[in-house]
Amino acid sequence: MVCRNTGTAMLMLLEAFRDIPFMVSPKHRHDVLHQQFLTAIKSLGVITVVGLFTGMILALQTGLELRRYGQEVYIGSAVTVVMLREMGPFMTGLIIAASVGSAIAAQIGTMTVSEEISALEVMSIPPARYLVTPRLVAMITMMPLVTVYTNIIGVVGGAIVGQTQLGVSMTAYMDNATQFAANKDLYVGLLKSVLFGIIIATVACHQGFSAKQGAVGVGLATRRTVVVSFLIILTVGYMVTRLFYQ
Amino acid sequence: MIRFEKVSKKLGGRVVLDEIDYEIRKNETFVIVGASGAGKSVSLKHMVRLLTPDSGRVMIGDDCVSEARGQELDRMRNRFGFLFQSAALLQWLSVGDNVGLPLRMKTNKRIEEIDELVREKLEMVNLGDAFDKQPAELSGGMRKRVGLARAIITDPEIILYDEPTSGLDPVTSRTIDRLIDRLREDLGVTSVVVTHDLHSALAIGTRIAMLHDGKIVEVSTPEQFVKSENEIVRGFLEAQYITTRGEWEDSETS
């Protein structure tokens with residue numbers, strides 16, 4: 001069952017990638033822009049809160065430990081490196097999977113059980129091209145941008161805690177951050193964000209197309225999207241880290 | 001025009017179609033009736049390859065739709081319009097965008113040209129003022145009519161109707177019936193209608209087929225259908241208070 005689902009999801013993903021060139025045509029451009037808006041702009045509110053508090057928690061926890069050795073100034077590098085490499089893409093992935101991924105699964109699931117997908121097939125409109133590719137393109141293009149935003153907000157959150165609770169000035173925090181954070185940290189984080197975007201779009205669309213039995217089926221598809229996306233994001237996140245940092 | 005050759009289909013372990021054979025002729029309105037779960041919609045979905053037979057084949061003219069793939073399947077599907085039971089309108093698109101969707105996605109027509117054709121088809125189904133409305137603002141009957149406008153936007157040769165009058169009040173049902181009839185007369189399309197509304201079937205059908213337990217038990221004209229000696233057909237007629245042709249005619253005219 002798992003193998004079959006993985007196989008059909010991979011086939012759907014390949015079909016969606018194959019159809020990417022169609023997305024530049026005026027017929028699809030609006031769909032892509034709309035999906036980019038839903039993925040990025042509509043998620044900014046929750047991303048801001050989560051990013052800010054992730055940075056603040058990181059700064060507080062590491063800062064309190066480092067203070068015992070009088071090294072609290074190093075929270076700048078600790079927060080920045082952890083945000084760039086891990087927490088930025090990871091938190092963004094989780095939020096987008098829970099908000100946008102679940103919405104995609106619910107929408108496509110509802111379309112499946114109400115015969116709208118069948119209607120597209122009868123009209124010879126490929127559902128993958130019409131529904132999956134715009135969402136995939138939106139995820140691939142917007143996830144890195146949203147991740148950069150999460151990183152910035154997280155670093156700012158860390159700086160606020162440093163300044164107000166640990167006595168680390170903003171200048172010292174930023175100096176320390178820029179001294180230790182490398183370009184590689186940013187690139188690896190962005191690579192993760194693109195992979196997470198592909199994972200979310202694939203899982204959400206595939207679960208939506210697999211929905212059965214009315215509202216209950218749509219609910220199950222939505223739930224499975226979040227759970228499966230979380231598990232794959234965690235696994236792939238570790239594998240990428242293992243690949244680049246040995 | 002459409003031919004089922006010993007088509008069998010099992011769904012969820014149950015035989016839904018059991019080696020059925022029938023042929024639908026050009027320019028006729030072929031109505032398939034039967035109880036719920038008799039396999040009417042399954043039969044309809046085989047015609048556009050939304051379902052594939054376990055055995056047997058479905059022919060559209062000389063083309064075997066049950067074995068077609070890719071562009072060949074698209075070409076065959078382009079000959080069809082399909083009105084789904086739920087109308088299957090895309091909820092985030094306006095009525096105009098829903099009806100124009102096949103033209104927008106499959107042709108290179110200009111937006112103005114598409115809009116003009118959409119308005120023309122909406123006029124045909126008496127919904128000329130619904131162009132900018134959202135599907136959520138429409139009643140069940142209006143949705144079906146929008147679905148019908150979308151089904152005919154590409155001027156198909158064959159239109160498939162899945163329960164076109166289910167869930168509608170009698171007045172709206174007869175409006176839909178008249179539209180189906182008009183499309184056959186004005187545009188010369190071949191229609192296949194799946195319904196359990198016998199009044200509708202007798203009013204619009206040129207031939208009626210009765211499906212029971214996955215088998216075709218009767219194929220006849222409406223006149224012959226109401227006089228059928230087949231027990232299953234008689235039971236179905238009596239369940240809808242149609243006992244003889246005379247009474248049916250009376251009920252239609254009253």
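1. Let's start with the contact between the two chains. In this predicted model, 16 residues of chain B are in contact with 11 residues of chain A. On the chain A side, helix α5 (residues 116-122) gives the most, with five residues. Sorted by class, that side of chain A has four nonpolar, four charged and three polar residues.

2. Just after α6(B), Gly188(B) takes a positive phi of about 70 degrees.

3. Which residues of α6(B) are buried? They are Ser173(B), Ile176(B), Asp177(B), Leu179(B), Ile180(B) and Leu183(B). Viewed down the axis of α6(B), these buried residues fall within an arc of 155 degrees, so they line one face of the helix. Among the elements of chain B that cover them are β3 (29-33), β7 (158-162), β8 (190-194) and the helices α5 (140-152) and α7 (198-204).

4. The face of α6(B) turned away from the buried side has exposed residues, including Arg178(B), Arg182(B), Glu185(B) and Asp186(B). Pro170(B) and Val171(B) are exposed on that face too.

5. Finally, a word on Met76(B), found in helix α2 (residues 70-77) of chain B. Met76(B) has 19 C-beta neighbours inside 10 Å and therefore counts as partly exposed, since a buried residue needs 20 or more. Leaving aside residues up to four places away in sequence, Met76(B) touches Ile60(B), Asp63(B), Val65(B) and Ala68(B).

Notes:
Residues numbered from 1 in each chain as written. Chains lettered and ligands numbered in written order. Predicted model: local features only at pLDDT ≥ 70, side-chain atom pairs only at ≥ 80, totals over all residues. Buried ≥ 20, exposed ≤ 12 C-beta atoms within 10 Å, placed from the backbone. Helix = DSSP H or I, 4+ residues; strand = E, 2+ residues; numbered from the N terminus. Arc of directions from axis to C-beta. Contact = placed C-beta atoms within 7 Å. Nonpolar A, V, L, I, M, F, W, Y, C, P; charged D, E, K, R; others polar.
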